[in-house]
Amino acid sequence: MDLAQPRRVEHQQTDKGYVPVYTTALVEQPWDTYTADDHATWSTLYQRQRELLVGRACQEFLDAQDEMGMSAHMIPRFDQLNEVLGAATGWTLVGVEGLLPELDFFDHLANRRFPVTWWIRRPDQIDYIAEPDLFHDLFGHVPLLMNPVFANYMEAYGRGGVKAHAIGPEALQNLTRLYWYTVEFGLIDTPEGMRIYGAGIVSSKGESLYSLESAAPNRIGFDLQRIMRTRYRIDTFQKTYFVIDSFEQLMQATSPDFTPIYAALADQAHLPAGDVQDDDRVFQAGTGEGWADGGDV
Ligand code: FE
């Protein structure tokens with residue numbers, strides 16, 4: 001593997017303000033350079049989220065964290081996690097500086113490599129950070145890669161991404177919404193009750209509570225084309241969460257060729273993030289309390 005020297009993300013002044021500059025290179029996790037503050041940030045977040053997520057996150061997620069040996073004790077080592085993960089589902093974690101260009105990201109997933117940001121947020125960013133850091137990537141995304149069905153879904157998504165990228169920006173937008181409403185913000189209906197599996201939720205204290213317990217958001221049954229038409233929020237909690245019945249359902253619903261689906265969706269209107277449609281399978285129609293106007297992407 002081609003490894004570069006890790007460095008903290010730099011920012012550069014552009015006409016969009018200060019934006020982070022990323023490299024696409026893979027980096028070896030510089031574990032020895034984590035400070036006591038870095039480990040303390042991990043511990044604080046790990047403890048707080050685990051406590052909150054028992055009975056809220058799906059059991060597969062919680063069990064996988066234990067099986068992988070993640071704990072509040074210290075920031076995990078990627079190479080140790082890789083031994084367990086590789087044996088379970090053949091996935092490999094690779095260290096990166098931060099967000100990757102779409103095609104690079106898809107290519108990693110298609111080859112069962114999950115890019116993990118090596119650096120962790122500062123102590124003053126405990127409750128919110130706009131960009132993904134080690135806590136979001138590792139705590140949020142990695143555990144479900146231990147689940148054989150979800151592991152296959154992520155690989156299929158990567159291959160689907162390479163394909164959508166070649167088709168064009170609208171196809172890519174449809175596919176991105178699927179990632180957003182499943183991998184990042186998905187809920188799952190289990191015999192024990194509604195649970196969280198999305199990485200964006202499990203890595204956020206506020207949204208872990210809001211997504212399950214607030215009366216404000218809609219909770220709607222998973223429907224592929226409905227999701228592909230639906231805008232989302234990047235700066236507030238979601239207005240709508242989509243609920244799967246099982247990871248098998250997710251895998252099955254996404255197994256058809258998306259090419260004709262993208263073509264059919266091209267003439268259909270995009271849906272606002274907070275709307276409920278007549279044919280939705282509604283678990284909860286949200287009150288919309290506290291919603292910001294505008295800002296759907
Ligand atoms: Fe993420």
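Predicted model: local features only at pLDDT ≥ 70, side-chain atom pairs only at ≥ 80, totals over all residues.

Colleague: Is His-136 buried or exposed?

Modeller: Buried: its relative accessible area is 12%, and the cut-off for buried is under 20%.

Colleague: What is His-136 in contact with, leaving aside neighbours within four places in sequence?

Modeller: His-136 is in contact with Arg-121, His-141, Glu-184, Ala-199, Gly-200 and Ser-203.

Colleague: Let me pick Glu-184 from that list. Where is Glu-184?

Modeller: Glu-184 sits in helix H7. Glu-184 counts as buried because its relative accessibility is 11%, under the 20% cut-off.

Colleague: And which residues does Glu-184 contact, again skipping those within four places in sequence?

Modeller: His-136 and His-141 are among them, along with Tyr-179.

Colleague: Okay, what does UniProt say? Which residues does the "binding site" annotation cover?

Modeller: The UniProt entry, which is unreviewed, puts that annotation on His-136, His-141 and Glu-184. They are spread over 49 residues of sequence, yet they cluster in space, with a largest C-alpha distance of 10.1 Å.

Colleague: Which of these residues is included in the lining of the largest cavity?

Modeller: That lining includes His-141.

Colleague: Switching topic. Which residues touch the most other members in the largest nonpolar core?

Modeller: Trp-42, Phe-114, Leu-138 and Met-154 do, in a core of 84 residues. Helix H7, residues 169–184, gives the most to this core, with eight residues. The core also draws at least three residues from each of domain 1 (1–167) and domain 2 (169–297).

Colleague: Tell me about Trp-42. What does Trp-42 touch, not counting residues up to four places away in sequence?

Modeller: Quite a list: Met-70, Ser-71, Ala-72, Met-74, Ile-75 and Pro-76 are among them. Trp-42 also touches Ile-120, Leu-134, Phe-135, Leu-138 and Phe-139.

Colleague: Last one, Tyr-128. Where is Tyr-128?

Modeller: Tyr-128 is in the loop between strand E6 (113–117) and H5.

Colleague: Why does Tyr-128 count as exposed?

Modeller: Because its relative accessible area is 56%, and exposed means over 50%.

Colleague: How far is the C-alpha atom of Tyr-128 from that of Gly-206?

Modeller: The two C-alpha atoms are separated by 9.4 Å, with the residues 78 apart along the chain.

Technical notes. Residues numbered from 1 in each chain as written. Heavy atoms only, no water. Core = buried A, V, L, I, M, F, W, Y, C linked by side-chain atoms within 4.5 Å. Buried < 20%, exposed > 50% of the residue type's maximum accessible area, 1.4 Å probe, protein only. Helix = DSSP H or I, 4+ residues; strand = E, 2+ residues; numbered from the N terminus. Domains from an automatic or database assignment. Contact = heavy atoms within 4.5 Å. UniProt positions renumbered as here; feature names shortened; annotations may be inferred. 1 Å grid on protein atoms, 1.4 Å probe; cavity = no way out; pocket = protein on both sides within 12 Å on 5 of 7 lines; lining within 4 Å.
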